[in-house]
Amino acid sequence: MRHPSAWVVTKSNFTQQAYELAKSNGVRLISRDEMVEMLLVMKEKLSASKKSGVKTST
């Protein structure tokens with residue numbers, strides 16, 4: 001599987017045509033809800049690493 005070379009983030013939803021175009025061009029589509037989840041996971045990882053004194057790469 002090819003890794004996406006670009007991301008498109010929206011505060012709304014994507015159309016089916018957008019999904020098809022993104023897939024054919026190696027673009028990752030990220031909705032608002034997915035972005036919020038990604039940020040919460042990152043925040044949790046950073047908090048855990050600060051407590052343990054271990055550096056994490058992002």
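**Close-up views of a predicted model**

**View 1. Helix H1 and the glycine after it.** Gly 26 follows H1 and has a positive phi, near 65 degrees. This is a predicted model: local features need pLDDT of at least 70, side-chain atom pairs count only at pLDDT 80 or more, and totals for chains, interfaces and linings use all residues. Residues are numbered from 1 along each chain as its sequence is written, and side-chain values use heavy atoms, with hydrogens and water left out. The chain has two helices and two strands, in the order β-α-β-α from the N terminus. Helices (H or I, at least four residues) and strands (E, at least two) are DSSP runs, numbered from the N terminus. One of the 10 residues of H1 is buried, so H1 lies largely in the open. Buried means under 20% relative accessible area, exposed over 50%, and partly exposed in between (1.4 Å probe, protein chains only). Across the chain, buried residues make up 10% of the 58 residues.

**View 2. The loop at Lys 11.** Lys 11 sits in the loop between strand E1 (6-9) and helix H1 (16-25). Its relative accessible area is 76%, so Lys 11 is exposed. Asp 33 is 22 residues away along the chain, yet the C-alpha atoms of Lys 11 and Asp 33 are separated by 8.1 Å.

**View 3. The aromatic pair, Phe 14 and Tyr 19.** The count of aromatic pairs comes to one. Phe 14 and Tyr 19 form this pair, edge-to-face, at 5.9 Å centre to centre with 70 degrees between the planes. Rings of Phe, Tyr and Trp (its six-membered ring) pair if their centres lie within 6.5 Å; planes under 30 degrees apart count as stacked, over 60 as edge-to-face and the rest as tilted. Phe 14 is buried at 17% relative accessible area, whereas Tyr 19 is partly exposed at 43%.

View 4. Arg 28 lies over the face of Trp 7, 5.2 Å from the ring centre. The rule asks for NZ of Lys or CZ of Arg within 6 Å of the ring centre and within 35 degrees of the ring normal. Arg 28 also meets Glu 34 in a salt bridge (2.5 Å, N to O). A salt bridge is a side-chain nitrogen of Lys or Arg within 4 Å of a carboxyl oxygen of Asp or Glu. Both partners are partly exposed: Arg 28 at 30%, Glu 34 at 28%.

**View 5. The salt bridge of Asp 33 and Arg 32.** Two salt bridges are counted. Asp 33 and Arg 32 form one of them, at 3.7 Å, N to O. Asp 33 is exposed at 56% relative accessibility, while Arg 32 is partly exposed at 47%.
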